[in-house]
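Thank you all for coming.

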Amino acid sequence: MGQQEGFNEVLIQPLQQFAKDSIHLVKKCTKPDRKEFTAIARATGVGFLIMGFIGFFVKLVHIPINNILVGN
């Protein structure tokens, strides 16, 4: 029986606790209202724009440096 109890502690109990915590999380989650959704969408859009500009400027700086190094 010792091996069965060890198996229960190692595998079954953590899975049961994870399932219990997951169900608790899903029950607490709510659908965002229109104001919250627009704020999240705006923040995401600004983040995309910032990352796009960073990528553009890195590429813009990298092209002349690469041409100087390679010599093409």
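This is a predicted model: local features need pLDDT of at least 70, side-chain atom pairs count only at pLDDT 80 or more; totals for chains, interfaces and linings use all residues.

Ile23 belongs to helix H1, which covers residues 2-28. If we go on 26 residues along the chain from Ile23 we reach Leu49, and the C-alpha atoms of Ile23 and Leu49 are 36 Å apart.

Now to the aromatic residues. As a reminder, a pair of aromatic rings is described by how far apart the centres are and by the angle between the planes.

How many aromatic pairs does the structure hold? There are two of them. In one, Phe53 and Phe57, the ring centres are 6.4 Å apart and the planes meet at 25 degrees, which is under the 30 degrees required, so this pair counts as stacked. Phe53 and Phe57 both sit in helix H2, residues 34-70, and because they are four residues apart there, about one helical turn separates them.

Phe57 also pairs with Phe56, and here the arrangement is edge-to-face, with 5.5 Å from centre to centre and 65 degrees between the planes.

Are Phe56 and Phe57 buried, exposed or partly exposed? Phe57 has a relative accessibility of 46%, so it counts as partly exposed, and Phe56, at 47%, therefore counts as partly exposed too.

To put the rings together, Phe53, Phe56 and Phe57 make up one aromatic cluster.

Conventions
Residues are numbered from 1 along each chain as its sequence is written. Side-chain values use heavy atoms; hydrogens and water are left out. Helices (H or I, at least four residues) and strands (E, at least two) are DSSP runs, numbered from the N terminus. Rings of Phe, Tyr and Trp (its six-membered ring) pair if their centres lie within 6.5 Å; planes under 30 degrees apart count as stacked, over 60 as edge-to-face and the rest as tilted. Buried means under 20% relative accessible area, exposed over 50%, partly exposed in between (1.4 Å probe, protein chains only).
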